Structure formats: C-alpha cells, structure tokens
Amino acid sequence: MNFVVISSAPILENLKSEKLAYSPYVYEMDLWMKNVKKIKFVCPIKYKEKLLTSKFQLQDFDINKTPVISFHNIKESLISLFRIPFVVFQIFKGMFWSDHIHLRCPGNVGLLGCFVQIAFPSKPKTVKYAGNWDPRSKQPFSYKVQKWILSNTFLTKNCKVLVYGEWKNQSKNIIPFFTASYSENEITTIEPKNLKGKIKLLFVGNFSIGKQPLLTVKIAKILVSKGYDIQLDLFGDGARFNAVKDYILNNKLSNNVILHGNQPKEIVKKAFQKSHFLVFISKSEGWPKVVAEAMFWSCLPISSKVSCVPFMLGNGERGSIVNKSTTQIIIELEKYISQENIYLKKVTKAKDWSQQFTLEKFEKEIKNLL
C-alpha cells in the first residue's frame with residue numbers, strides 16, 4: 001500500500017540525516033507506518049519554535065517538501081498566498097501516488113488537503129482531526145471550513161474522520177477515537193496516595209498562553225499562603241517559560257514550585273505516578289493526552305471544560321471540571337484534601353477508565369482502519 005500523509009506538522013533532520021518530528025506525533029505515526037509498505041509525507045521541513053522531538057523508527061520514507069504557510073501578519077499572509085499553488089501541487093502529487101490518503105487536521109496544509117481530496121472520491125481516506133470537534137466551541141474560520149468539508153459526505157467520500165469525544169448529530173463518517181501513550185505491559189500497581197502530608201501538583205504541557213501554566217503556579221501560591229505543604233512540578237517549555245520562571249522567583253516560590261523543562265517520557269511518567277493532582281486549565285484542546293496520562297497513573301485531573309474533557313472525566317466522576325476561576329479550583333482541591341475518600345474513589349475510576357486505552361488497542365484500531 002502506498003500511504004500518503006498530508007500534514008502541517010514539520011519533519012526535521014538532525015546532523016546524522018535522521019528524520020525527526022514532535023515526539024507525540026512520532027509515537028503515533030510509527031504505529032500507522034508499521035501497517036503500510038511505502039510512505040510519503042507532504043509537509044514542511046522547518047519550524048520556528050522549539051520542539052520536543054524524537055526520531056521515527058522507520059526512516060525509509062519520502063517527503064514532498066512544502067514551505068510553511070501562516071497568516072499571523074500581513075507579510076506572512078502575502079508570502080503564503082504565493083506559496084499556496086506549489087503546496088496544492090505537492091498535495092495533489094502525493095494523493096495521486098497513494099493508495100490510501102491520510103489527512104492530519106486542523107492546519108493550513110490540512111485545509112488545502114481537504115479541498116484536494118475532493119478530486120479523489122474513490123481512494124480510501126482517513127482523517128485524524130486532532131483539534132476540538134465540539135460543534136459549539138468558538139474556533140477560527142479555517143477550522144470550521146475543515147470540519148464542514150470533512151462532515152460533508154458528498155464532498156468527502158470513502159473517508160473515516162477520527163475525532164476526539166462523542167458528539168450528537170454527526171454524519172456517518174465521523175468516528176469517535178482516542179490516543180494512547182502506554183502499553184499494557186507498563187500497567188503496574190500504584191499505592192494509594194495519602195493527602196495527609198506533602199501534596200504534589202503537576203503541570204505537563206507547552207508553556208503557552210493557551211495552556212496557562214502561570215495559572216497553575218498561582219494556584220500553588222494561594223495554597224502555600226493558606227498553609228498547605230505544596231509541591232508543584234512543571235514539565236514543558238515554550239514562549240511563556242521565562243514569564244513563569246520570573247513569577248516563581250519574584251514571589252519566592254522556588255521551594256515549592258520546580259521547573260523541569262522538557263523531559264523524556266519515562267521521567268514524566270514517574271512524575272505522574274508520584275503526583276496527587278494534575279492542574280491543567282487549558283483554553284483549547286483536542287484529546288488532551290496529559291489528562292489521559294495522569295488518569296492512567298492515579299493522578300487526578302483538575303481541568304477546564306474544553307473539547308472532550310467532560311467526556312474523559314465522566315462529567316466529574318473521574319476528576320474535576322472547572323472554569324478558569326482560581327477560587328473554584330482552590331475549592332475543588334480543598335474539598336479533596338478534606339475528604340480523602342472522595343479523592344480515592346475518583347482516582348480509581350479515572351485509572352480504570354484510562355487504562356482501557358493502551359497502545360495495543362490503539363494499534364489494533366489503526367489496523368482495522370487500514
């Protein structure tokens with residue numbers, strides 16, 4: 001099978017000419033690529049920001065290289081308009097070559113791919129929509145266009161669109177899906193976490209405005225001021241890293257709040273296993289992997305009502321769904337600290353739910369799709 005991947009996610013090369021990409025993307029694509037013979041990516045090969053990267057297990061694939069398309073300012077928009085015809089040509093070439101088309105959305109390359117795939121109605125297709133599929137959510141116009149094309153079974157034929165969460169009134173080609181991080185072999189017994197001593201909070205994610213790492217630090221600060229023995233560990237990097245670092249120093253929180261930066265998967269896994277709560281108040285998500293990963297290791301999520309989080313948390317049975325108010329978040333945490341039996345029940349429910357979604361199950365579902 002000739003398998004083409006249309007994506008805005010860049011594939012980079014290191015000094016050894018090994019192909020790399022954003023680590024969670026690599027872990028997933030390795031599973032897709034195990035099931036096909038020849039692979040081609042249509043994607044950019046440059047990226048401005050820092051990425052936590054890993055190398056692909058399978059290195060023998062081709063890339064139809066595309067320039068980066070972005071519309072953040074007038075200059076970038078004008079340059080991108082001139083680049084679009086070439087990107088469309090590369091996408092068309094890739095789709096023409098393929099036996100199976102795999103689109104990664106949302107994204108600018110994915111948007112163009114949504115239009116080009118209309119010209120290939122007989123070819124089997126899968127679409128991984130990694131963003132928020134919630135029909136009621138506020139989203140960029142380009143995201144709405146992608147969702148409309150993909151949901152339209154007249155324009156998008158012979159296609160399975162994989163989305164996070166279960167949503168009412170969807171077309172027949174929309175399939176609820178998930179992402180896995182851990183193997184069945186990794187499942188181990190986690191001793192019940194006592195809330196009588198040091199309470200460990202956790203943040204894992206990109207240090208961006210949308211992920212709000214500073215809000216999590218402010219929660220820790222309030223709890224410390226109330227006399228609680230708190231330790232907050234933050235894993236990740238990004239544009240807001242220095243702002244968070246400065247806040248910690250200026251508020252003398254270094255004994256309670258620890259910045260770890262980007263760390264390997266095993267180190268983050270141990271942090272989940274040792275922590276009581278994940279405090280993750282994101283503004284926008286697809287499938288928030290860190291929420292599922294926390295649940296897998298008996299770390300209870302305190303998360304915002306975004307995308308499929310209510311579905312994942314069983315509308316509050318497997319964690320807490322909060323707004324962006326520090327007051328509400330503090331109330332939730334204090335409720336668990338004072339009622340440890342409620343905390344332990346929810347932790348068990350969260351663990352049991354998340355441990356259904358293993359890499360073995362994920363790989364089996366991918367084989368079925370292909």
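A polar contact is a pair of N or O atoms within 3.5 Å, where, within protein, one atom must be able to donate a hydrogen and the other to accept it. In this predicted model, such a contact, with a length of 2.5 Å, joins the side chains of S320 and Y336. S320 belongs to strand β16, and this serine is buried, since its relative accessible area is 2%. The ring of Y336 takes part in a further arrangement, for the charged end of K335 sits over that ring at 5.2 Å from its centre.

Because F203 lies in strand β11 (residues 199-204) and F280 in strand β14 (residues 277-280), the pair ties together parts that are 77 residues apart in sequence. Both partners are shielded: F203 is buried with a relative accessible area of 0%, and F280 likewise counts as buried, at 2% relative accessibility. Ring pairs also build a cluster, which links F177, F178, F311, W353, F357 and F362.

Burial is also the theme of helix α8, which spans residues 289-296 and is mostly covered, with 8 of its 8 residues buried. The buried residues of α8 include the charged-type side chains K289 and E293, and they also include V290, V291, A292, A294, M295 and F296. Just after α8, S298 takes a positive phi of about 60 degrees.

The volume of the second largest pocket is about 200 Å³, and the residues of its lining divide into 5 nonpolar, 4 polar and 3 charged.

Most residues other than glycine have a negative phi, and most peptide bonds are trans. Two further residues that are not glycine have a positive phi. For S17, phi is near 65 degrees; this residue is placed in the loop between β2 (12-13) and β3 (19-22), and with a relative accessible area of 48% it is partly exposed. For N315, phi is about 55 degrees; N315 is found in the loop between α9 (309-312) and β16 (320-322), and at 65% relative accessibility it counts as exposed. The peptide bond that joins C105 and P106 is cis, with omega at about 0 degrees, and P106 lies in the loop between β7 (100-105) and α3 (108-116).

Key
Residues numbered from 1 in each chain as written. Predicted model: local features only at pLDDT ≥ 70, side-chain atom pairs only at ≥ 80, totals over all residues. Heavy atoms only, no water. Helix = DSSP H or I, 4+ residues; strand = E, 2+ residues; numbered from the N terminus. Buried < 20%, exposed > 50% of the residue type's maximum accessible area, 1.4 Å probe, protein only. Phe/Tyr/Trp six-rings, centres within 6.5 Å; stacked < 30°, edge-to-face > 60°. Lys NZ or Arg CZ within 6 Å of the ring centre and 35° of its normal. 1 Å grid on protein atoms, 1.4 Å probe; cavity = no way out; pocket = protein on both sides within 12 Å on 5 of 7 lines; lining within 4 Å. Points joined across faces, edges and corners; volume = space filled by probe spheres on them.
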